[in-house]
Amino acid sequence: MDNEPARSVRVLTPTGMLGAGFPEATVERGLELGADVIAVDGGSTDSGPYYLGASQPKTTRAAVARDLRVLLKAAARAGIPLIVGSCGTSGTDNGVDWVSEIVADIQADEGLSLPVARIYSEQDADRLKEQLTAGRIHPLPPLGDLQPDTLDSCTHIVGMMGHEPIVAAIEAGAQVVLAGRATDTAVAAAYPLMKGMPAGPTWHASKIVECGGQCTSDPRAGGVLATIDTDGFTIEPLDPTAACTPILVAAHMLYETVNPFRMREPDGTLDVSEATYTALDDRTVRVEGSRFHVADQHTVKLEGARVTGYETMSFSAVRDPHILAQIDDWADLLRAVLTQRVEQTLGLGEDKYAFDVRLYGHNAVLEQADPAQGPPREVGVMLLVNAPDQETATAVAKIANPLMLHLPTADMHYLPSLAFATSPAEIERGPAYEFVLNHAVDTTTPTDMFRIEIEETPRHG
Amino acid sequence: MAESGPTTLGDLAFEVRSKNAGPFWVTMELFMRDAESYAIAADESFLNEHTVAELYGVDETEIQMFRIPSLNVVKISFPRPVSQASLRDRDIHSGQHHVPLATLLVPAT
């Protein structure tokens, strides 16, 4: 590398999530256009607390390996860094190791020897309790103050790193950075910030590229290339037939954000309220006027999940118009009889377990908020039971079974037989989880909550 | 396309969508077709925190609304009423919560 300060940095984002797939040709095109770094997100909290709570990836290994093989070969050929954030979906230590093993296998297969850094983001509950006592942990809306017990109850806690640990890993010689939980933006922002690009355009560009091609006219066609310079950034799709337009790019600031103008990162706040979006041609957009306000106190946001019980699911269906005409009454009767039967047979009061009856095809998704009227044509009846242990959850579901098969409405003088979808009807779902942390820790340094390990040569090399 | 009958916000929009914004918030956007339809959606006497609270059964004081004329967009965010993926959560990604907003009838002119 030369010592000339960079005048611009080009970030290639092949897809919104590692494992989601992209055409290999789009990465080739990104290299031809002079990509300086490949950045891709490996996870999110989007699909719920299970992936953090159980420390399991959402994506299948083959899909992650397919994408990584293309990206590792591209990074090796171009001599540029590859950065993966939130490895293994939730960014637990186990998730980082899972991706690291896939990378090692590919490096061995392909005869590559790129130095790999693993950045671990899991946090120790006892250490966090000390921070809590010292007044260094603050709630983010809508959650309130953190109780020490809540930290103890989590199966896994991660801290969301900013760009700083990723920069440290590259400066220490890594060409492949496998980060634990990171902000979606930090993955793309790290390299341009390291090369001296200004924070406003860098963080704004990073937010726009975090979902890959979502800010283009054809999100399925592959990712995007953002070119960040001292005054702003330009963005274009990697597929030559797709287009970025000012509206599409500006609208992406709205996606999955509470506030479309301001976004907090560990070291400050991106402010796009004055940003301007201009079409340079029919597929490239120029963005200027993005600002970044550095915070007085660097903070790291925590995510934690805990087990709420064990679930068993059962699924029947109703097509009989007579029952469908009074489906809400039928469901109320099901709830009442089930509660009574569980008390009779298991001796369990309503505070010892919980269940939800969902009428798919009627109001299962929106419940009272559903604007539709009129009887449905058919309804799927899902029973979901949550109990402190799996045996109890399944016992409750089995007690519901004859009701979900034969429960009549109050005015029927015979037992109907409803339509079960599977045999056996009960499906054990194992532990269920919930997110319980939405709190920020005042950090001492931007990197001290994260552990960086660098391998000089691949393990199977 | 129904030519008669009352007009909904969805009729005047390119897209009405909803999504989770992290585990604790729901957010939704009305992408209106033009400045004229934007003016209807952005009219605070029609669509406001109170209307949204009624539609979704949420606390009016916790609703955040953003009116963005440069994009013809009205954006609405509020805390998730039900914890994500808990026993009573029927929409993990909050992806179908836009429907009551999209089917809201606009005032007759």
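Q: How far apart are the end C-alpha atoms of residues 9-103 of chain B, and what share of the span is helix and strand?
A: Helices (H or I, at least four residues) and strands (E, at least two) are DSSP runs, numbered from the N terminus. In residues 9-103 of chain B, the end C-alpha atoms lie 6 Å apart. The span is 20% helix and 29% strand. UniProt, in an unreviewed entry, places the feature "domain: DUF4387" at these residues. UniProt positions follow the numbering used here, feature names are shortened, and annotations may be inferred rather than shown by experiment.

Q: What should I know about the model and its labels?
A: This is a predicted model: local features need pLDDT of at least 70, side-chain atom pairs count only at pLDDT 80 or more, and totals for chains, interfaces and linings use all residues. Residues are numbered from 1 along each chain as its sequence is written, chains are lettered from A and ligands numbered from 1 in the order in which they are written, and side-chain values use heavy atoms, with hydrogens and water left out.

Q: How much area do chain B and chain A bury between them?
A: The size of an interface is often given as the accessible area lost when the parts come together. Buried area here is the accessible area (1.4 Å probe) that two parts lose on being put together, summed over both. Chain B and chain A bury about 3,100 Å², 63% of it on carbon and sulfur atoms. B:F24, B:L87 and B:R90 supply 28% of the area that chain B buries against chain A, more than any other three residues.

Q: How many residues does the contact take from each chain?
A: Contact means heavy atoms within 4.5 Å. Chain B gives 37 residues and chain A gives 42 residues.

Q: How many salt bridges are counted between chain B and chain A?
A: A salt bridge is a side-chain nitrogen of Lys or Arg within 4 Å of a carboxyl oxygen of Asp or Glu. The count is five. One of the pairs is B:R90 with A:E367, whose closest N and O atoms are 3.8 Å apart.

Q: Which elements of chain B give two or more residues to the side that touches chain A?
A: They are β1 (13-20), β2 (25-32), β3 (64-68), β4 (73-79) and α3 (99-102) of chain B.

Q: Which domains does chain A have, and how far apart are their centres?
A: Domain bounds come from an automatic or database domain assignment. Chain A has domain 1 (8-121 + 161-298 + 445-455) and domain 2 (304-435). Their centres, taken over C-alpha atoms, are 42 Å apart. The two domains bury about 530 Å² between them, 84% of it on carbon and sulfur atoms. The salt-bridge count between them is zero.
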